[in-house]
Structure formats: C-alpha cells, structure tokens
Amino acid sequence: MGIRKALIAALVATAGIALPAAAQPQAVDAKRFGVYVLVADVDRSVAFYKLLFMKDPQVRTPALVGFDVAGGLFGIVDRATFAPGTPAGGSVRPYIRVVDINAAFAHVNTLAPGRIEDGRVTTEGPFSFFRFTDPDGNTLEFFSLTVPR
C-alpha cells in the first residue's frame, strides 16, 4: 500500500474515535465583539467618531472610549497608555457593513474630504466598499452587500 493510501486509511479508521470529555473543545462564550483603534489624541478622535457614527460613546474613560456600532463595541484607545511604541495607523482594519453605501460615502466625504482611498466607492459583484482614514491614519472600510433574491 502506498503512503498516500495508508494515510487515508489511517484517517478513515481514526475518524470515529471520540476525544475524552475533558478534551472536547468548548465554544467560546462570547458576550460582545469589539475592535479598537490606537490613537494619539483621544479627545480629537472622539470628536471625529461622534460625527462619523452620529452618536455619543457608550463607554468613556480617560484612555478608552467605546461606541456601540451594530451591537459591537468600536473602541478608541490611547496609544501611549495601552500600546506605547506601536506605530501610528495600520494596526487594524475595521470593516463595517452599512445599509446604504452611497449615503455612507457622502457622509464620510463631508467629514473627511481627501481621506477616502481612491476617492470613490469600488464595486466588485455584489460587494461595494470604500476605505478611509481617521485623524490618526487608521484605515476603516465601509461596505455593503447586495444579496441576489
């Protein structure tokens, strides 16, 4: 029997073997998903994100601010406090699904003119998106998805 056939036979033979109860993987009991961006000036970034999301933050400490975005927490974190030495921008790329990509584009273009990558919405099949940067150079992406009926 060749090595490939022997490997397949071994995999098939062991496929039905159950792990002991203690070794069974357990699902992560997540309560909420979030993402954060590192910033140099929390107050400046809060002002930007309040205008972007059109709402006040849900959580506020001197070094961490969180906005409820579609049930998840979008955090703004002071780089000097939580991640000193981390380069500005590019540390994370949050992407947020929006209902109307063109309305979102118009809003961001008003808020951050000149900071939209390629200055337009890109459409690839059912997926449309655009990327832009916040005042600290962090890139965000807004996208929409048209699902055929």
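Biologist: What makes L52 a contact partner of H107, and which other residues does L52 touch?

Modeller: Contact means heavy atoms within 4.5 Å. This is a predicted model. In it, L52 touches H107, V108, L111, F132, L140 and F142, leaving aside residues up to four places away in sequence.

Biologist: Why is the group around L52 called a nonpolar core?

Modeller: The name calls for buried residues of nonpolar kinds, joined through side-chain atoms within 4.5 Å. The largest such core has 25 residues. Y49, L52, F74, F130, F132 and F142 touch the most other members.

Biologist: Which elements give two or more residues to this core?

Modeller: They are β1 (34-39), α2 (42-53), β3 (64-69), β4 (72-78), α4 (101-111), β7 (127-133) and β8 (139-145). With six residues, α2 gives the most.

Biologist: What makes β5 and β6 the edge strands of their sheet?

Modeller: The sheet is open, with four strands in the order β5-β8-β7-β6 and mixed pairing. β5 (95-97) and β6 (122-124) each pair on one side only. On average, neighbouring strands are turned by 25° against each other, direction ignored.

Biologist: How do you know that β6 pairs with β7?

Modeller: Pairing takes at least two bridges. β6 and β7 have three, in the antiparallel sense. T123 stands opposite S128 in β7.

Biologist: What packs on the sheet?

Modeller: α4 does, touching β7 and β8. The direction of α4 makes about 15° with that of β7.

Biologist: How do you know that β5 and β8 pair, and is the sense parallel or antiparallel?

Modeller: Two bridges would be enough for a pair. β5 and β8 have three, and the sense is parallel. I96 has F142 in β8 as its bridge partner.

Biologist: How many bridges join β7 to β8?

Modeller: Seven, and the two strands run antiparallel. β7 and β8 form a hairpin, with five residues between them. In the turn, G137 has a positive phi of about 85°.

Biologist: Why is β8 called largely enclosed by the rest of the structure?

Modeller: Buried means under 20% relative accessible area. Six of the seven residues of β8 are buried, so the strand is largely enclosed.

Definitions and conventions. Residues numbered from 1 in each chain as written. Predicted model: local features only at pLDDT ≥ 70, side-chain atom pairs only at ≥ 80, totals over all residues. Heavy atoms only, no water. Buried < 20%, exposed > 50% of the residue type's maximum accessible area, 1.4 Å probe, protein only. Axes fitted to C-alpha atoms, helices over the stretch in contact; angles between N-to-C directions.
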